[in-house]
Amino acid sequence: MPEAADWQQLASALRELHRVLMERARRDYEREHNVKLSPVEQLRLLTTDPYFDWLRGLSELMVDIDLVREAEQPVLDELAPAVRAAVDHLVAAPNQSEPGDAFARHYWPYVQDDPHVVMAHADVKRALATWPRPQNTDAASLLHERHRLTEKARHRARNR
């Protein structure tokens, strides 16, 4: 089961992935809208503009992981497969027969042409390498695991 250092490594890898994706999306937004964003404008757009909606799933996952990773070891052991499932599902290549979600539609073109995104993606995959896999990997099971993680995170947030 993942140790505290493994949880920290995964959290750090996800933050770096989020950072490089925000940077790339900001550059694309500035080019498409012919503007230069200040940090305050970028934060406002990241949280309110539909252009950046696709990043929110990653943001929410990072928050959920941060909330649960301070739990007692039995809870962490129970949630480790759910965390693995949630991260794997988010960064998985889209199935050719399905259109994919908004994150995948933005993410995979960046993985294919931005070396910073490629490196951050590799770091996330490396951080997950020793994490236990969920028993079921069908879409419904993965969504259930993600929901379970969210519920545990919300419970921890309410009881702080």
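Predicted model: local features only at pLDDT ≥ 70, side-chain atom pairs only at ≥ 80, totals over all residues.
1. Helix α4, residues 73-91, and helix α7, residues 139-158, have axes that come within 8 Å and cross at roughly 120°. Angles of 65 to 115 degrees count as roughly perpendicular, and α4 and α7 are therefore oblique to each other. The crossing in which α4 passes α7 is left-handed.

2. On the α4 side, this contact is made by Glu78, Leu79, Pro81, Ala82, Val83, Ala85, Ala86 and His89. The α7 side contributes Leu142, Leu143, Glu145, Arg146, Arg148, Leu149 and Lys152. Sorted by class, the contact of α4 with α7 has 9 nonpolar, 5 charged and 1 polar residues.

3. The second largest pocket holds about 260 Å³ of space. Its lining consists of 14 residues, and those nearest the centre of the pocket are Gly57, His89, Leu90, Leu143 and Arg146. Two or more lining residues come from each of α3 (56-68), α4 and α7. The lining of the second largest pocket divides into 7 nonpolar, 4 polar and 3 charged residues.

4. His89, Leu143 and Arg146 deserve a note under both headings: they take part in the contact of α4 with α7, and they are among the residues nearest the centre of the second largest pocket.

5. Helix α5 (residues 102-113) packs against helix α6 (residues 115-128) at an angle of about 105°, and their axes are 6 Å apart. The two helices, α5 and α6, are therefore roughly perpendicular to each other.

6. Tyr107, Trp108, Tyr110, Val111 and Asp113 of α5 meet Pro115, Val117, Val118 and His121 of α6 in this contact. By class, the contact of α5 with α6 has 7 nonpolar, 1 polar and 1 charged residues.

Definitions and conventions
Residues numbered from 1 in each chain as written. Heavy atoms only, no water. Axes fitted to C-alpha atoms, helices over the stretch in contact; angles between N-to-C directions. Helix = DSSP H or I, 4+ residues; strand = E, 2+ residues; numbered from the N terminus. Parallel < 35°, antiparallel > 145°, perpendicular 65-115°, else oblique. Left-handed = near helix turned anticlockwise from the far one by under 90°. Contact = heavy atoms within 4.5 Å. Nonpolar A, V, L, I, M, F, W, Y, C, P; charged D, E, K, R; others polar. 1 Å grid on protein atoms, 1.4 Å probe; cavity = no way out; pocket = protein on both sides within 12 Å on 5 of 7 lines; lining within 4 Å. Points joined across faces, edges and corners; volume = space filled by probe spheres on them.
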